[in-house]
Amino acid sequence: EGVDAYEIGYKGQLFDGRLVMNAALFLARYTDLQVQATRIDPLTGISSVEQLNAGSSETKGFEVEAMWRPTEAFSLNTSVTYSDAKVDVDGVGCPLQFQAAAPIIAPGAATPINKCYRLQTRNTAGAIVTGPPIQDIRDGLLPSSPEWRVMLSPRYGFALNEDWNGAVQANLAYQSKQLLSLDQDPLLCQGAY
C-alpha cells in the first residue's frame, strides 16, 4: 500500500486568544488501498468476502475547527469537514438487483466500467465458461466516507456557589449520506442524519 499525501493549513489564535482556529486543505492518493469486498471466482462462481488491494483511491477536501470564546462564561466549538473520496477497483461483486441484467462479455472483449457484467473465459480444458456478475468501478464512492460532517457545540458555564460550578452545553452534529459497500449498492446507503 502506498500513499502520497499533501496538506496545507493554518493553526493559530486571533482576537487576543478569543478565537482559536485550525484549518487545512488535504489531498491523499492511495495505491493498493486495502478494503473488504465481495469477490466472486469467475470459474467456480463461489463468492467470499476478502481483504484486497482495491486499485487506487483519492480523497480531497478541507477541514475547519474553531473555538470562539467571546466571554469567560460562553464558548462555541465548531468543526466542518468536506471530503470527496473516490475509489477505483476491478472485479468486485455486483449488487443483487443488477445481476440479472449483466451482459455477457466474450473472451478478449472490452469490459464495461461501472456496470455489472459476466465475463467469459476459457477453463483449463479450453472450454468457454461464463463467470458470475462482477464489475469494474471507476470514481466510485469510497465506503463509509460521508461528504460532509458538521459539529456545533455551544457551552455556557456559571458558578453555583463558592465551591461548585455548573455548565449547560448542547452538542449538534450533522453527517451527509454515505455508501456502506464497495460494490456501490444504492440499497446499502446510510441517509444523512
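User: Does Trp148 count as buried, partly exposed or exposed, and what is its relative accessibility?
Analyst: This is a predicted model, where local features need pLDDT of at least 70, side-chain atom pairs count only at pLDDT 80 or more, and totals for chains, interfaces and linings use all residues. Residues are numbered from 1 along each chain as its sequence is written, and side-chain values use heavy atoms, with hydrogens and water left out. Buried means under 20% relative accessible area, exposed over 50%, and partly exposed in between (1.4 Å probe, protein chains only). Trp148 therefore counts as partly exposed, at 31%.

User: How are the rings of Tyr82 and Trp148 arranged?
Analyst: Rings of Phe, Tyr and Trp (its six-membered ring) pair if their centres lie within 6.5 Å; planes under 30 degrees apart count as stacked, over 60 as edge-to-face and the rest as tilted. The centres of Tyr82 and Trp148 are 4.9 Å apart and the planes are at 50°, so the pair is tilted.

User: Which residues do ring pairs link into a cluster?
Analyst: The count comes to 4 aromatic pairs. One of them, Phe62 with Trp148, is edge-to-face, at 6.0 Å centre to centre and 75° between the planes. The cluster linked by ring pairs is Phe62, Tyr82 and Trp148.

User: Is Thr59 buried or exposed?
Analyst: Thr59 lies in strand β5 (residues 56-68). Its relative accessibility is 14%, so Thr59 counts as buried.

Key
Helix = DSSP H or I, 4+ residues; strand = E, 2+ residues; numbered from the N terminus.
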